[in-house]
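Reader: I have just opened this one and would like to be walked through it. Could we take it slowly, starting with any term I will need?

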Amino acid sequence: MALLPLAVVTGGAGFIGSHTVDKLIATGHRVVVLDNFSTGKRANLAQHAGSDRLSIVECDVSHGIFAGLAAITAKLGPVERIVHLAAQVSVVSSMANPGCDMQINYGGTLHVLEYARAMGVKKVVFASSAAVYGDVVKMPVAEDIPLQPMSPYGINKLASELALDCYASQYGVPTTALRFFNVYGPRQDPTSPYSGVISIFADRARSGRTLTIFGDGKQTRDFVYVGDVVRAIAAALGDGNSRLIANVGTGQAITVKELASTILDLCGGSSTIEHAPARSGEILDSRARVDRLRDQLGVVAETKLVDGLRATLA
Ligand SMILES: NC(=O)c1ccc[n+]([C@@H]2O[C@H](COP(=O)([O-])OP(=O)(O)OC[C@H]3O[C@@H](n4cnc5c(N)ncnc54)[C@H](O)[C@@H]3O)[C@@H](O)[C@H]2O)c1
């Protein structure tokens, strides 16, 4: 019997990574997770305990991935596809320590690409970010506008995209970069100070604590449900679409104020909303243009915010 294709998911113990693992295993892959568990958790993958479809290797991608994968590929055969999600995910940390962000976020990508080049991997899909755009005035944000990242995090995501394109054009490694907007859903860690606003609001609303909005709450965001993000990753992981860069969002935006009241309505608790001074450097508006996602990858982020919020709160 033919072996199932082998995919590597770096950062597979994290929020988006663990949902990606679920999807790949459900669609007939064997998966190797490479993770250093800095923010990821083994509990996020507990649903696959005992499955011969999942292998977990503790590995820091900023030190290279050849050694981490050697023993497992000797046993399971060659890696066919890689989803590269492992990252230092905090914009604030990247401002405090740009060198560290570069080592993990740009250096990690180079190590993944070097492995893909040496081993003839058929596709690398990379988690980029809307942070590559900076503060854009014209909405929705299209992929081909001038890029002005405002943090080392955004710069290293952009540098990674450039490296992907170079490895595709110069070395023939097929690559696709996905620029995620504000991803939310179950398993997002609300205790992290850098976590998405939805998981923080949901956590506070459930326990009756005050929801804090920075500024007037009129800033807008394009919140995309993790299930839709994972469909985009799976579509990009297939053959074709090399050198594609695509936004992953809904194309819709809501204000942070509306978000807070929707979560309070769904929770039905006694929490109140307070305002704190606006945070410097916070962008005002963000909404993805999603034509490429739809036309090139055939994916429409269709989960309604209220349904995604219900799943997250559950
Ligand atoms: N969540 C969002 O809204 C969002 C938006 C844009 C881009 N992204 C990108 O998506 C990817 C996944 O983010 P997430 O929200 O799931 O965050 P997460 O923190 O839950 O996942 C990141 C994972 O990477 C692992 N990791 C970190 N550094 C590592 C290293 N040096 N070596 C190996 N593993 C390492 C962590 O342990 C964790 O499991 C990241 O690349 C992030 O930059 C996320």
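Author: Let us begin with burial: a residue is buried if 20 or more other C-beta atoms lie within 10 Å of its own, exposed if 12 or fewer, and partly exposed in between. Please also keep in mind that this is a predicted model.

Reader: Okay, so how does that term apply to β11, and why is β11 largely enclosed?

Author: In β11, 5 of the 5 residues are buried, so the strand is largely enclosed by the rest of the structure. L244, A246 and V248 point one way from β11, while I245 and N247 point the other way, and all of them are buried.

Reader: Where does β11 sit in the sheet, then, and what is the order of the strands?

Author: The sheet is an open one of 7 strands with parallel pairing, and its order is β3-β2-β1-β4-β5-β6-β11. The edge strands are β3, residues 54-58, and β11, residues 244-248, each of which pairs on one side only. On average, neighbouring strands of this sheet are turned by 20° against each other, with direction ignored.

Reader: What joins β11 to β6, and how many bridges are there?

Author: The two strands, β6 and β11, pair in the parallel sense over 5 bridges. Within that pairing, F180 stands opposite V248 in β11.

Reader: And how many bridges join β1 to β2?

Author: Strand β1, residues 6-10, is joined to strand β2, residues 30-35, by 5 bridges, and these two strands run parallel.

Reader: Moving on to helices, which strands does α7 lie across?

Author: Helix α7, residues 226-237, lies across β4, β5, β6 and β11, and runs at about 165° to β6. Helix α1, residues 15-26, lies across β1, β2, β3, β4 and β5, running at about 170° to β1.

Reader: Which residues touch the most other members of the largest nonpolar core?

Author: That core has 88 residues, and V124, L178, F201, V229 and I233 are those that touch the most other members. The element that gives the most to this core is α7, with 8 residues. As a general background, nonpolar side chains in soluble globular proteins tend to be buried together.

Reader: Take V229 from that list: what does V229 touch?

Author: Leaving aside residues up to four places away in sequence, V229 touches I16, F180, V183, V224 and V248.

Reader: Now the ligand, please: which residues come nearest?

Author: Of the 31 residues around the ligand, G11, G14, G40, A86 and A87 come nearest. Several elements, namely α1, β2, α4, β5 and β7, each supply at least two residues of the shell around the ligand, and the largest share, 3 residues, comes from α1.

Reader: How do the residues of that shell divide into nonpolar, polar and charged?

Author: The shell around the ligand divides into 15 nonpolar, 14 polar and 2 charged residues.

Reader: Changing topic, which bond in the backbone is cis?

Author: A cis peptide bond joins M139 and P140, with omega at about -10°, and P140 lies in the loop between β5 and α5. For context, most peptide bonds are trans, and most residues other than glycine have a negative phi.

Reader: On that last point, what is the phi of N241, and where does N241 lie?

Author: N241 has a positive phi of about 60° although it is not a glycine, and N241 lies in the loop between α7 and β11. R243 is placed in the loop between α7 and β11 as well, and the phi of R243 is near 70°, again a positive value in a residue other than glycine.

Reader: Is N241 buried, exposed or in between, and why?

Author: N241 counts as partly exposed because it has 19 C-beta neighbours inside 10 Å. R243, with 14 other C-beta atoms within 10 Å, is partly exposed too.

Reader: Last one: is L162 buried or exposed, and why?

Author: L162, which has its place in helix α5, residues 152-171, counts as exposed because it has 12 C-beta neighbours inside 10 Å. The C-alpha atoms of L162 and A177 are separated by 9.6 Å, and these residues are 15 residues apart along the chain.

Conventions
Residues numbered from 1 in each chain as written. Predicted model: local features only at pLDDT ≥ 70, side-chain atom pairs only at ≥ 80, totals over all residues. Pairing = 2+ DSSP bridges. Helix = DSSP H or I, 4+ residues; strand = E, 2+ residues; numbered from the N terminus. Axes fitted to C-alpha atoms, helices over the stretch in contact; angles between N-to-C directions. Contact = placed C-beta atoms within 7 Å. Core = buried A, V, L, I, M, F, W, Y, C linked by C-beta atoms within 7 Å. Near = placed C-beta within 6 Å. Nonpolar A, V, L, I, M, F, W, Y, C, P; charged D, E, K, R; others polar.
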